[in-house]
Amino acid sequence: QVQLVESGGGLVQPGGSLRLSCPASGSIFSIRNMGWYRQAPGKQRESVAAITSGGSTNYADSVKGRFTISRDNAKNTVYLQMNSLKPEDTAVYYCNAEVVMNGALYDCWGQGTQVTVSS
């Protein structure tokens with residue numbers, strides 16, 4: 001069984017910064033792609049950023065230049081540095097990891113962390 005636990009969310013003023021972390025734990029052989037998604041009230045979950053095991057990244061247009069995704073493969077952890085936050089960034093943020101375990105590939109999710117951008 002694999003667990004992903006997000007942390008680092010909270011309340012921040014517009015223009016502020018937050019750093020989200022998400023370590024994966026369990027009987028992990030390896031992790032392929034990792035990513036961050038978000039879901040605002042009344043909206044569908046959307047991809048925010050993704051990173052491959054080799055470090056290649058891609059971002060939603062709405063966060064390019066403001067958010068940075070990174071990972072520490074030794075710690076099985078993915079991060080999301082969020083700068084210049086806007087009220088429209090308010091959402092529950094979820095981490096995702098494609099985990100290889102016991103010879104199979106699993107799509108794993110965290111429980112989410114709330115990010116609120118408001119003055």
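Two strands count as paired if DSSP finds at least two bridges between them, and the strands themselves are DSSP runs of E, at least two residues long, numbered from the N terminus. The model before you is predicted: local features need pLDDT of at least 70, side-chain atom pairs count only at pLDDT 80 or more, and totals for chains, interfaces and linings use all residues. Residues are numbered from 1 along each chain as its sequence is written, and side-chain values use heavy atoms, with hydrogens and water left out.

Four strands form an open sheet in the order β1-β3-β8-β7, with antiparallel pairing. Its edge strands, β1 (2-4) and β7, each pair on one side only. Within the sheet, β3 (residues 18-26) and β8 (residues 77-82) are joined in the antiparallel sense over six bridges; Arg19 has Gln81 of β8 as its bridge partner.

Arg66 and Asn83 are 17 residues apart in sequence, yet 5.1 Å apart in space, C-alpha to C-alpha.

Finally, Asn96 belongs to strand β9 (residues 91-101) and is buried at 7% relative accessibility. Leaving aside neighbours within four places in sequence, Asn96 touches Leu4, Tyr37 and Trp109, among others.

How values were computed
Buried < 20%, exposed > 50% of the residue type's maximum accessible area, 1.4 Å probe, protein only. Contact = heavy atoms within 4.5 Å.
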